[in-house]
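Here is a briefing on one protein model, grouped by topic. Please read it alongside the structure.

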Amino acid sequence: MGNGGEKVSWKRVLILAGAVIAFTIGSGFATGQEIIQYYTAYGVQSLLVILVFAVAFLYYNFNFAKAGAEQKFERGNDVYKYFCGKYVGTFCDYYSTLFCYMSFFVMIGGAASTLHQEYDLPTWVGGVILAALAILTVVGGLNSLVDAIGIVGPVIVVLCIAIGLITCIRDGGNIAAGLDIIEQGAYEGAKAGETMKNAGANWLISGLSYAGFVLLWFASFTAALGSKNKKKDLNYGIIGGTIAVCVAIGLIAFAQIANVNTGANGTYIWNADIPNLILATKIWKPFSAIFAIVVFAGIYTTAVPLLYNPVSRFAKEGTPRFKILTVVLGVAGLIVGLFLPFRVLVNIIYVLNGYVGAVLILFMIWKNIKDFRNKKKA
């Protein structure tokens, strides 16, 4: 299989890009909560956060895909031992499994908040619907998963880009004022000392942290894709997915900046659980009802692999044990996700894990340098 002569299947590239997008855009992204904390809170420096994220994201996904294609890992999580050695790799393997499961709690919280903020349903309704859908899908196995989430991903990213673009065109004149509000901390309705939640001390830490927490989701996922897809198809899919996600982040961040104090009754862009719903309502009132369903679909596409990962780590797909474990972990995740507030979940779980992911990138760079040296010697 010569690399140069490989025919690219653009249909497959689109599905793979869609899967990359769908997996990146979970509840934090589609709701706008993640964008507030990792990008918007840094004002104009959010552009630098995007740059750091894009470079790191492309770098490690190419590495995972290459390792998966060459090593044909039995389990996607074996990629950690490949890059970090036996001991650190084993720690990362268990840690990422735990993190994927903790991220599933965040998805439950996001689903509950979305249906509550838009349709005024009791918070448990969204959580229960999501948990039930995720359990049913995981019990069915992973094969159909990539194709299913690969279709929903692009729909969400197109809608996020549309909301960001329309808002930036219409409210672009308010961006400078929004940047001033962020710089001075002059938030509407803020109590003494209350401010917009942010992910790190500065833009560099925030960018590395964002790339880092997404890394722990993608390691086994991309390694598995690498062993099952043609190299060029997957690489183009990764590039396409990254560009789409970064464009969406940039537009949404500046749309949020322009409307940082937009809202009512104590819920504004800067402190809302779901800031993107406020933007959607501002464009056209009925649009937010449609967008809430799309946000819910986006949460579902991320929740499924996040539940699948810990279950498949401890049980073989298709076995009775696998199905029982799926139900047990799904219900336990539902209970935790409904118990903790959504904004707090995003801030604690994602940020902490971002630092672990950033350390993993250092191991990867070290391995790349060692491999390069060995090649030169040979």
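**Backbone: positive phi values**

K72 counts as exposed, because its relative accessibility is 52% (exposed means over 50% relative accessible area, buried under 20%, partly exposed in between, with a 1.4 Å probe and protein chains only). This is a predicted model, in which local features need pLDDT of at least 70, side-chain atom pairs count only at pLDDT 80 or more, and totals for chains, interfaces and linings use all residues. Residues are numbered from 1 along each chain as its sequence is written, and side-chain values use heavy atoms, with hydrogens and water left out.

- K72 sits in the loop between α4 (46–71) and α5 (79–119). Helices are DSSP runs of H or I with at least four residues, strands are runs of E with at least two, and both are numbered from the N terminus.
- The phi of K72 is near 45°, a positive value in a residue other than glycine.
- D120 also has a positive phi, near 60°, and is not glycine.
- The loop between α5 and α6 (123–139) holds D120. With a relative accessible area of 62%, D120 is exposed.
- Most residues other than glycine have a negative phi.

**Overall fold**

- The protein has 14 helices and two strands.
- Its radius of gyration is 20 Å, close to the 21 Å that the globule rule gives for 378 residues, so the protein is as compact as a globular protein of that length. The radius is taken over C-alpha atoms, and the rule is 2.2 Å times the number of residues to the power 0.38.
- The C-alpha trace spans about 65 × 50 × 40 Å along the principal axes.
- Of the 378 residues, 55% count as buried.
- Among contacts with a separation of 6 or more, 81% join residues 24 or more positions apart. Contact means heavy atoms within 4.5 Å.

**Surface and charge**

- The accessible surface comes to about 16,000 Å², and 67% of that belongs to carbon and sulfur atoms. Areas come from the Shrake-Rupley method with a 1.4 Å probe; for residues, only the protein chains shown count as cover.
- There are 28 positive and 18 negative charges, and their mean positions are 12 Å apart. Lys and Arg count as positive, Asp and Glu as negative; His and the chain ends are not counted. Each charge is placed at NZ of Lys, CZ of Arg, CG of Asp or CD of Glu.

**Cysteines**

- The structure holds zero disulfides, a disulfide being a pair of cysteine sulfur atoms within 2.5 Å.
- The closest cysteine sulfur to that of C100 is in C92, 12 Å away and too far for a bond. C100 is buried, at 1% relative accessible area.
- For C168, the closest cysteine sulfur is in C160, at 13 Å, again too far for a bond. C168 is buried too, at 17%.

- T262 lies in the loop between α10 (231–258) and β1 (263–264). At 23% relative accessibility, T262 is partly exposed.
- Neighbours within four places in sequence aside, T262 contacts T267, Y268, I269, I278 and K282.
- The C-alpha atoms of T262 and F322 are separated by 46 Å, at 60 residues apart along the chain.
- V294 is in helix α12 (residues 285–314). V294 is buried, with a relative accessible area of 12%.
- Leaving aside neighbours within four places in sequence, V294 touches I156 and L159.
- V294 and T137 are 157 residues apart along the chain, with 18 Å between their C-alpha atoms.
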